[in-house]
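User: I have a model open and would like to go through it step by step. Could you help me read it?

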Amino acid sequence: SSWGVTYSNTTVYSKQKLSSWLSNKYNGSIAALNAAWGSKYTTFGSAGGWGTGSGVLEEDGTCPSRAGSPCWVPTDAFTLNGATAAMQSDLNGFLLFHAQNYFSIVKNALSQKLPGVLYGGPTTLGTWGTPARREILQAASQYVDVLGVATIPPLCSNCTDLQQRIDFISTYFGDKPWVSWEGFPANADSYMAPYATPQDEFSTQAQRGQAYQQRVQQLVTAD
């Protein structure tokens, strides 16, 4: 409501699927899930309302069903530090399941309309210079034909793990081709000078060209 938006359908389908996925894994036993996660849910479904109830679907990140106990939801959503090993494993497993569904749906739609066309996945998988999560790459490997990455390995003078980043993708995406997005702005020395920003990497086109040459050499020697 703070954004002035009203949704006619308030169902969060991915969260419902997480609930059913967990229920299936733990054979419908909420006690088994609680033992694994250190949680205090009363049902895999809804019981009391989002943010206040005691069901898995009520979870809003603050553990509304904690009943005075410590919150079991990790404060770091990226590393899952603080979660039990079982919770980390379950959330990673659901991420793989979720990604497999996404890639398979797009791949099947493309294959129906354009049989034989290569599927390149999203514009990029991962972030600048950093591979996507292992589970995303594993799911993509089953359906994506050409992987789009964002400057991997990165142009980084003080990075000591460039080969490890390459190896990580090779391990989990497999022996398939990549396409690396590259961009070298030098707006201050171009017709875009009125729009130059502090984020511009280079002040002259000569510097930009030298960086591009360095980048191409880095890519052709990467293994």
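**A surface patch and the overall fold**

Analyst: W3, V5 and Y7 form a nonpolar patch on the surface, with about 450 Å² of accessible area together. Patches are made of residues with over 30% relative accessible area and no salt bridge, joining like charges within 9 Å and nonpolar side chains (Val, Leu, Ile, Met, Phe, Trp, Tyr) within 5 Å. A salt bridge is a side-chain nitrogen of Lys or Arg within 4 Å of a carboxyl oxygen of Asp or Glu. Accessible areas come from the Shrake-Rupley method with a 1.4 Å probe, and for residues only the protein chains shown count as cover.

User: What kind of model is this?

Analyst: This is a predicted model, in which local features need pLDDT of at least 70, side-chain atom pairs count only at pLDDT 80 or more, and totals for chains, interfaces and linings use all residues. Residues are numbered from 1 along each chain as its sequence is written, and side-chain values use heavy atoms, leaving out hydrogens and water.

User: Where does V5 lie?

Analyst: V5 lies in the segment before α1 (13–25). Helices (H or I, at least four residues) and strands (E, at least two) are DSSP runs, numbered from the N terminus.

User: Why does V5 count as partly exposed?

Analyst: V5 counts as partly exposed because its relative accessibility is 40%. Buried means under 20% relative accessible area, exposed means over 50%, and partly exposed is in between (1.4 Å probe, protein chains only).

User: New topic: how many helices and strands are in the chain?

Analyst: The chain has 6 helices and 2 strands. Along the sequence, the pattern is α-α-α-α-β-α-β-α. The radius of gyration of the chain is 23 Å, well over the 17 Å that the globule rule gives for 223 residues, so the chain is more spread out than a compact globule. This radius is taken over C-alpha atoms, and the rule is 2.2 Å times the number of residues to the power 0.38.

User: In which sense do β1 and β2 pair?

Analyst: Strand β1 (residues 147–150) and strand β2 (residues 178–181) pair in the parallel sense over 4 bridges. Two strands pair if DSSP finds at least two bridges between them.

User: Which residue of β2 is the bridge partner of G148?

Analyst: The partner of G148 in β2 is V179.

User: And P122, where is that?

Analyst: P122 lies in the loop between α3 (85–113) and α4 (134–143). P122 and V149 are 27 residues apart in sequence and 9.4 Å apart in space, C-alpha to C-alpha.
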